[in-house]
Amino acid sequence: MRLALSLGRRGLGRCAPNPAVGCVIVSEGRIVGRGWTQPGGRPHAEAVALAQAREAANGATVYVTLEPCAHHGQTPPCAGSLIEAGVARVVVATGDPDPRVDGGGVAMLRAAGIEVEVGLCAAEAKADLAGFLKRVTEGRPLVTLKLASSFDGRIATASGESQWITGTDARRHVHAMRASHDAVMIGAGTARADDPSLTVRGLGVAHQPIRVVLSRHLDLPLDCQLARTAKEIPVWICHGRRAAPELVSAWAGIGAQMIEVDEAEGALDPKSVLNALGARGLTRVYCEGGGGLAASLLMADLVDELVGYTAGLALGAEGRPSLAAMGIGRLAEAPRFDLIEARAVGSDILHRWRQRQR
């Protein structure tokens, strides 16, 4: 099952809206098939593993990280394929809450006389599949908020200089994180100040995440890097209802997908933004700022994971903070996260945190 989990992670960022599943088929103590969800979401992990195992799947044990699907979509149900292959036993890490499945896959297998076990490495599988599970149950993607800052929590000097606070290894890790998410998201301020490309570079990765920009009034330069590459790499722009129609048309004309969302308190409503992204199939979003967007997501309780890169330099109170004001008066009001990883990345410290369960 741990091998199946590691295989499933290969699909992260590449198979939305489908889950990134891993599958291993074992016969007489030997692995005869393995697979993971392919780019675009098909074929499914079980189909890939069965194609590799062929006749050896008959009588074998299958380890799969998510309950096999039980419905007919663009491909036949994986539960049916496992039955046709004659497998003897299926070990499932966690169930699929999708209403089209939700126990149906396990029921199909058991009705066919196949032994089924559910729950092996369930916690690990739920963590890997959190984006898919959140979209199914809450209608929005998982949000990972990244903050790269000085030791004293600053993201730039008072003059705005920020390249580079963290070192090469940390920046390379950021690119790997981008690659494992369906989309990278920033606010309009970051788009204007940094003119980022938001692409994955230096890793030999062909796949690129969708670039999402939140801009209430569409006050973005039409000659920025995102605009120049919108036809090659997807750009989605979330904007308010009062954005000028000529700007909406201009961005759509250069290849951007325009998404109108609700506003709240003079800004784009972050929940409306995430619901719109979830409705379009996104399961994992990597937010790279800036401080205003980060603060709004935290205040709305919409951050599932924090990824921090802390450098060994201090910029002082005059430096630009990593988060905008959040209006917190008491510690009890502050969002809390639990540490899941901390280690050195080159000359910087990487620390990952997961939203504390209430």
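My entries follow, in the order in which I looked things up.

**Ground rules.** I am working with a predicted model, in which local features need pLDDT of at least 70 and side-chain atom pairs count only at pLDDT 80 or more, while totals for chains, interfaces and linings use all residues. I number residues from 1 along each chain as its sequence is written, and side-chain values use heavy atoms, with hydrogens and water left out. My helices (H or I, at least four residues) and strands (E, at least two) are DSSP runs, numbered from the N terminus.

**Cis peptide bonds.** I checked omega and noted a cis bond from alanine 16 to proline 17, with omega near 5°. I then located proline 17 in the loop between α1 (2–8) and β1 (22–27). I found another cis peptide bond joining arginine 42 and proline 43, where omega is about -5°. Proline 43 sits in the loop between β2 (30–36) and α2 (45–53).

**The five-stranded sheet.** Next I traced an open sheet of 5 strands, which has mixed pairing and runs in the order β2-β1-β3-β4-β5. I count two strands as paired if DSSP finds at least two bridges between them. The edges belong to β2 and β5 (115–118); each has a single partner strand, so one side of each is left without a neighbour in the sheet. Neighbouring strands here are turned by 15° against each other on average, direction ignored. For such angles I use axes, which are lines fitted to C-alpha atoms (for helices over the stretch in contact), and the angles run from 0 to 180 degrees between N-to-C directions.

I looked at one pair in this sheet: β4 (residues 89–94) and β5 are parallel over 4 bridges. Valine 92 has valine 118 in β5 as its bridge partner. Helix α2 packs on the sheet, where α2 touches β1, β2 and β3 (61–66), and the direction of α2 makes about 145° with that of β2. Contact here means heavy atoms within 4.5 Å.

Is leucine 198 buried or exposed? With a relative accessible area of 3%, leucine 198 is buried; the cut-offs are under 20% for buried, over 50% for exposed and partly exposed in between (1.4 Å probe, protein chains only).

Leucine 218 also has a positive phi, near 60°. I placed leucine 218 in the loop between β9 and α9 (225–228), and at 1% relative accessibility leucine 218 is buried too. The buried residues of α12 (residues 291–299) include Leu293, Leu297 and Leu298.

**Strand β15.** I finished with β15 (residues 305–310), where 6 of the 6 residues are buried, so the strand is largely enclosed by the rest of the structure. In a regular strand the side chains alternate between the two faces of the sheet. Accordingly I noted Glu305, Val307 and Tyr309 pointing one way from β15, and Leu306, Gly308 and Thr310 the other way.

Which strands pair with β15? Strand β6 (residues 142–149) pairs with β15 in the parallel sense over 6 bridges, with leucine 147 opposite glycine 308. Strand β18 (residues 348–355) pairs with β15 in the antiparallel sense over 6 bridges, and there valine 307 stands opposite arginine 352.
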